[in-house]
Amino acid sequence: MANSIEFKLFAPYNNSAALKGCFSDWSEISMQKNKQGYFRAKVELEDGVYQYKFRVQSQSHFLEADEWVDVNDPYATNIDDESQNSVIQIKDGKKIVDSYAWQHDDKPLPSNEELVIYELYVGGFSGGEGEGKKRGTFKDVIDKLDYLSELGINAVELMPTQEFPGDNSWGYNPRHYFAVESSYGSTADLKRLIDECHNRGMRILMDCIFNHSDTEAPLTKINFDYWYSREPSDPDNSWGPEFDYDKYDKNLDLKPAWQFVGDIVRFWIEEYHIDGIRFDASKQIGNFDFLSWIAEQARQAVGQKPFFNTAEYIPENPDLVGYGKPMDACWHESFYQQALKHICGDELDLEGFKQVIDCRQQGYGGTTTVINYIACHDHQYTLAELGDRKISDKAAFKRAKLGAVLLMTAVGVPLVWMGNEFGEYNPEQEIKIDWTLLKNDLNKNLLDYYQGLIALRKENHALRTDNINFFYEDPESKVLAYTRWNDQGSRVVIIINFSDDFLEDYTIDHFPQSGTWHEWTNNYDVEAKEGKLTIDIGEFEAKVFVG
């Protein structure tokens with residue numbers, strides 16, 4: 001039985017538009033425009049899957065006036081990989097994305113302050129051995145969820161999954177914002193991945209690009225100046241046509257870019273049940289009013305579930321994040337920079353280091369306002385950085401463990417870049433991580449170390465508070481100590497040796513509390529007496545004491 005299905009295209013200042021598809025043998029069907037700027041046409045369709053496109057008289061400056069162009073539906077929820085046509089699916093007389101039935105929406109999810117995030121690139125996360133250059137898929141990620149769960153991860157941040165041109169990209173050039181990247185799998189595959197994460201108590205955060213789009217995105221051809229700025233806001237950091245968030249259409253009383261991106265955010269929350277968004281290149285977006293508004297759109301769409309609006313904003317601006325501000329948290333690039341130079345021994349800057357370990361010294365609000373990392377998709381792996389400095393083997397893995405301690409004991413939400421937890425070192429971007437490294441003792445030992453630290457962070461609430469005190473520092477010996485605590489009596493003390501020297505019988509003054517302390521990294525007890533603790537601490541080593 002056929003049903004009347006409406007197709008619509010928002011193009012308020014274009015003169016004419018038509019619909020064509022497999023249902024019309026690709027002949028044009030005239031569309032009529034209403035006062036709200038939408039071209040509309042209805043087609044009698046039975047349940048099934050159909051391909052289509054719009055044909056519109058463009059108003060873009062780089063084309064002839066009123067030149068006819070074929071464009072995909074800017075709101076297409078599927079793109080056929082071979083033909084690059086928009087796809088619509090009809091079931092029970094209605095448009096649907098797919099027939100996936102959610103199974104685990106009732107599972108409780110961790111709060112923002114509890115998160116330990118794992119950033120991964122779907123195309124490089126495929127599991128198993130002997131797969132060569134096979135591109136990773138959503139199903140491959142599902143197959144590794146038990147690994148992530150055992151590691152202690154409770155939030156997975158997916159690098160961009162919205163449809164981009166070709167197959168070999170990290171996705172920071174989105175072309176179709178409502179469609180899933182076809183090389184990763186189907187829409188149902190992505191939903192199953194999200195559902196399986198929720199089943200394990202893991203939240204899903206999505207990396208989204210709302211500063212710019214691919215040059216061939218449909219809106220660029222319909223009416224470029226209506227949605228985009230002709231000139232980049234930051235010519236040195238320009239990656240494609242940039243949305244114009246200052247543009248206001250007084251005739252229709254709307255901001256075109258705001259409307260489009262708001263529809264995208266609501267769609268991904270409602271259709272895919274995501275639990276947070278990373279707003280890429282927010283510095284280039286620049287518009288705090290828009291960022292505040294879009295974050296609120298997300299919160300309204302998600303309802304009572306926890307949600308995390310986070311931003312990449314470099315150089316950092318603490319005014320962006322916190323209660324009553326546009327974003328919940330920002331990526332803490334200065335933490336990465338300070339941690340890296342201290343792990344590698346490039347420089348000792350205890351004042352700068354303390355500022356990033358306690359982000360409040362930089363003007364941030366506290367533990368949920370920054371996302372800390374020692375490696376991410378924009379930077380090399382820790383072992384690659386150490387390798388560049390001719391530090392390898394046991395010495396490198398020892399420093400990688402030091403980095404893990406800094407990451408898990410600093411104020412803020414920790415983020416682990418895929419593979420860094422077991423010593424991946426490939427310096428190339430868009431890599432496929434090498435799971436066979438886990439056959440090596442050093443790699444497996446580093447993984448166990450991360451697993452233990454994550455468990456400590458999750459079990460000891462002192463590491464999830466804003467409380468921190470740097471109670472001891474010795475610039476000459478390059479030793480620093482700080483303590484974390486909560487109001488229920490939990491306390492953790494971290495002592496770090498940033499030098500190349502083994503310090504034997506080294507005494508720490510002003511120790512927070514006398515009594516028996518358990519040293520977590522090597523599993524032994526030690527006595528602190530009269531405000532002092534005497535220990536051996538190796539070169540580029542951290543000791544973690546739990547009271």
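Student: In which loop is Lys-390 placed?

Tutor: The model is predicted: local features need pLDDT of at least 70 and side-chain atom pairs count only at pLDDT 80 or more, while totals for chains, interfaces and linings use all residues. Residues are numbered from 1 along each chain as its sequence is written, and side-chain values use heavy atoms, leaving out hydrogens and water. Helices (DSSP runs of H or I, at least four residues) and strands (DSSP runs of E, at least two) are numbered from the N terminus. Lys-390 is in the loop between helix H10 (382-388) and H11.

Student: Is Lys-390 buried or exposed?

Tutor: Buried means under 20% relative accessible area, exposed over 50%, and partly exposed in between, with a 1.4 Å probe and protein chains only. The relative accessibility of Lys-390 is 75%, and therefore this residue counts as exposed.

Student: What is the phi of Lys-390?

Tutor: Most residues other than glycine have a negative phi. Lys-390 is not glycine, yet its phi is positive, near 65°.

Student: How many residues of H11 are buried?

Tutor: Helix H11 covers residues 393-409 and reaches 25 Å from its first C-alpha to its last, close to the expected 24 Å; the expected span is 1.5 Å times one less than the number of residues. The buried residues include Phe-397, Arg-399 and Met-408. H11 is mostly covered, and of its 17 residues the buried number is 12.

Student: Which residue joins its side chain to that of Ser-213 in a polar contact of 2.8 Å?

Tutor: Ser-213 is in the loop between strand E14 (203-208) and helix H4 (218-227), and it counts as buried because its relative accessibility is 0%. Leaving aside neighbours within four places in sequence, its contacts (heavy atoms within 4.5 Å) include Pro-174, Tyr-177 and Tyr-228. A polar contact is a pair of N or O atoms within 3.5 Å; within protein, one must be able to donate a hydrogen and the other to accept it, and residues adjacent in sequence count only if both atoms are side-chain atoms. At 2.8 Å, the side chain of Ser-213 is joined to that of Tyr-228.

Student: Which peptide bond is cis, with omega near -5°?

Tutor: Most peptide bonds are trans. Pro-315 is in the loop between strand E18 (308-311) and strand E19 (329-331). The cis bond runs from Ile-314 to Pro-315.
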